[in-house]
Amino acid sequence: MVRTKRFTKRTNSTTTQEHISTDSLLPTQELNSQPHDLVVHQQVPPVQSAPQPAASSTAQPTAQPAQSEPLSGQSEPSNRRARNPSQRTCNKYWVVQVLADNGVADDERLRVRDLLVLPPHKRVVVEWNEENQPVGEAAGLLGGFLGHIACNPNIFPISYARWPDVDDIYKTDVWVNTIKKRFVMDNDDHYHYCMGNMGKKWKDNRWRLANEIYQKDKSFQENLDLYPNGMTREQWASFLTYKTSEKAKKYSIINTANRQKQTIPHTLGSKTLARRKRELEIQEGRKYSRGEMYVVSHIKRDGNFVCDEARLKNDQLLAQIEQANTEQEAFVHVFGKEHPGRVRGMGFGVVPSQIRRTSTSLASTSSTGPTQAEYDALKEELDTIKGKVLEIDTLKAQMALFMHTFAG
């Protein structure tokens, strides 16, 4: 209503009555789902319609059309699509394709909370790359939704010590009744990606609770009284029992030491490496390698590296790529052996076994695959052998005829 009143003061009486009657008939959810560009159009007209001195009145007719062109509802969306179809058009919602049961897919603007009330006959279409990683705006919406689920203690209790220890009943129920009913995915690789993504965010949420709520200088009972909203006292007690155990303290020291070794931060923020790579490939019209993505993920907006160590590692990586047979060998030589569950320069969801299979297949193809000349030579040799076999069969037939005649 505040937005309508402001619009009423700054427009003529005829237009005011039309907009008031239209907005008053829309429900609250529809008002919230209206394009955010409407707010911009409502705020800009007062500057143009403000009274001007008489000396500048001659310049008003020329200035107004020039300012109104970029504010029109037709030119702004076209500019967005022409820039890069894979980039996000607004930071308040995600523009995704929603597939209905009748097979028709339409673009809709959705937020994470909109998925909670999404009609059961609609599902969001997710695009996946060759490594089974989600890309595009639907990937951002999926990531936010998975985080919302993983951080809900009523869905995934934090009383478990590790994510693999969480009962499969919770995971299967969420996959069947929550994720698949809102997103188009029915692949085992999609399942493993979603479970791994939620596992990481579930673990991060436990770490956040331990740092923001748990206080080492207080007793167990005092910390128990600090249990967060939305969580039962019993579940918080189970978490505190594990947190204060000797095993948890030992792992905490190890993890703290490992975290201090990570001295090269990335510059992608919450955007995944797979999403950024797809944006660049669409924009440039070519494939991006792991070495190039290392540069993209470790440079600032001014083009400089985040630190001198990142620049030095990049120089070493470029030198090794020229000498090594594969990028995998170059990365291992510069950064060391890959850790289980992740691959440098590929983003979340890619494991070392995938890279080894790809490298092995490429190496076998390049080393053992025959060239065209070798293929022609083999074919000629095979034809020669076939000719000799035919001659032998002819001689056998003649010999059999001779023996038959001689015996008779």
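Predicted model: local features only at pLDDT ≥ 70, side-chain atom pairs only at ≥ 80, totals over all residues.
Student: Let's start with helix 9. Which residues does helix 9 cover?
Tutor: Helix 9 runs over residues 137-150, which makes 14 residues.

Student: Is helix 9 mostly covered or mostly uncovered?
Tutor: Mostly covered, with 12 of its 14 residues buried.

Student: Which ones are buried?
Tutor: Among them are E137, A138, A139 and G140. Further along helix 9, the buried residues include F145, L146, G147, I149 and A150.

Student: New topic. How many salt bridges are in the whole structure?
Tutor: A search of the whole structure finds 14. In general, side chains of opposite charge can pair when their charged atoms come close.

Student: Give me one in helix 11. What does K200 pair with?
Tutor: K200 forms a salt bridge with D204, at 3.2 Å from N to O.

Student: Where do K200 and D204 sit in helix 11?
Tutor: They are four residues apart in helix 11, which covers residues 188-212, so about one helical turn separates them. An α-helix has 3.6 residues a turn, so residues three or four places apart point the same way.

Student: How accessible are K200 and D204?
Tutor: K200 has 44% relative accessibility and counts as partly exposed. D204 is partly exposed too, at 34%.

Student: And E279, what is its partner?
Tutor: E279 meets R276 in a salt bridge, again 3.2 Å from N to O. Both are in helix 15 (residues 273-284), three residues apart, so they are separated by about one helical turn.

Student: Is E279 buried or exposed?
Tutor: Buried, because its relative accessibility is 1% and the cut-off for buried is under 20%. R276 has a relative accessible area of 23%, so R276 is partly exposed.

Student: One more pair. What does E292 bridge to?
Tutor: E292 forms a salt bridge with R286, and their closest N and O atoms are 3.2 Å apart. E292 is partly exposed at 29% relative accessibility, and R286 is partly exposed at 38%.

Conventions:
Residues numbered from 1 in each chain as written. Heavy atoms only, no water. Helix = DSSP H or I, 4+ residues; strand = E, 2+ residues; numbered from the N terminus. Expected span 1.5 Å × (residues − 1). Buried < 20%, exposed > 50% of the residue type's maximum accessible area, 1.4 Å probe, protein only. Salt bridge = Lys/Arg side-chain N within 4 Å of Asp/Glu carboxyl O.
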